[in-house]
Amino acid sequence: MNSDRSKALTQQITDAVLAVPGVACLRPGLRSLLRAAGSRQPATADRPDPGTAVHIAYDSRGRTTALRIDIVVRAQHQAARTANAVRAAAAEAAATTPGAVRVTVTGIV
C-alpha cells in the first residue's frame, strides 16, 4: 500500500478513535516515545502521532484486512464499552468490518 495513503488512513483511524468518549489517548509505543524525545520539533496537540498504537494489515489489493489498536481508557468509563465503541469507530473509519478490529486496553487513567 502507498505510504502516504497508509499514513492518511492511520490518521483517519486515530482521529475517529480519539473522538470516542472514554478514550484518554492511544498507547504510545517505545519507538514513538524515543522519536518524540529525539525530535527538535514540538509535537502538535491537534494531530497526535499514533506511533505503534495503530496497526493496519492490508491484502494484496490494498484493502484493510485487520486493525489492531491500543488505547488508554479514562477511569470513569467502562473499559469494555469504550473498547466496543472504539472498534465500531475504527471499522467505520477504515471501511472494514468490526470483526477485523482488535482493541486492547493497555491502561486506565
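The expected span of a helix is 1.5 Å times one less than its number of residues. Helices (H or I, at least four residues) and strands (E, at least two) are DSSP runs, numbered from the N terminus. This is a predicted model: local features need pLDDT of at least 70, side-chain atom pairs count only at pLDDT 80 or more, and totals for chains, interfaces and linings use all residues. Residues are numbered from 1 along each chain as its sequence is written, and side-chain values use heavy atoms, with hydrogens and water left out.

**Exercise 1. State the order of helices and strands along the sequence.**

Step 1. Take the inventory: three helices and four strands.
Step 2. Read along the sequence. The pattern is α-β-α-β-β-α-β.

**Exercise 2. Compare the reach of helix α1 with its expected span.**

Step 1. Helix α1 covers residues 3–18, which is 16 residues.
Step 2. At 1.5 Å a residue, 22 Å is expected.
Step 3. From first C-alpha to last, α1 reaches 22 Å, close to that expectation.

**Exercise 3. Find the buried residues of α1 and what they pack against.**

Step 1. Set the cut-offs: buried means under 20% relative accessible area, exposed over 50%, partly exposed in between (1.4 Å probe, protein chains only).
Step 2. List the buried residues of α1: Ser6, Leu9, Thr10, Gln11, Ile13, Thr14 and Val17.
Step 3. Apply the contact rule, heavy atoms within 4.5 Å. These buried residues pack against β1, β2 (54–58), β3 and α3 (79–94).
Step 4. Widen to the protein. Buried residues make up 36% of its 109 residues.
Step 5. Take contacts between residues at least 6 apart in sequence. Of these, 68% join residues at least 24 apart.

**Exercise 4. Identify the salt bridges and describe the partners.**

Step 1. State the rule: a side-chain nitrogen of Lys or Arg lies within 4 Å of a carboxyl oxygen of Asp or Glu. Side chains of opposite charge can pair when their charged atoms come close.
Step 2. Count. The rule gives two salt bridges.
Step 3. Take arginine 27 with aspartate 70. Their closest N and O atoms are 3.1 Å apart. This pair links distant parts of the chain, 43 residues apart: arginine 27 sits in the loop between β1 (23–26) and α2 (30–38), aspartate 70 in strand β3 (residues 64–73).
Step 4. Arginine 27 is partly exposed at 25%. Aspartate 70 is buried at 6%.
Step 5. Take arginine 63 with aspartate 59. The closest N and O atoms are 3.0 Å apart. Arginine 63 is partly exposed at 46%, and aspartate 59 is partly exposed at 24%.
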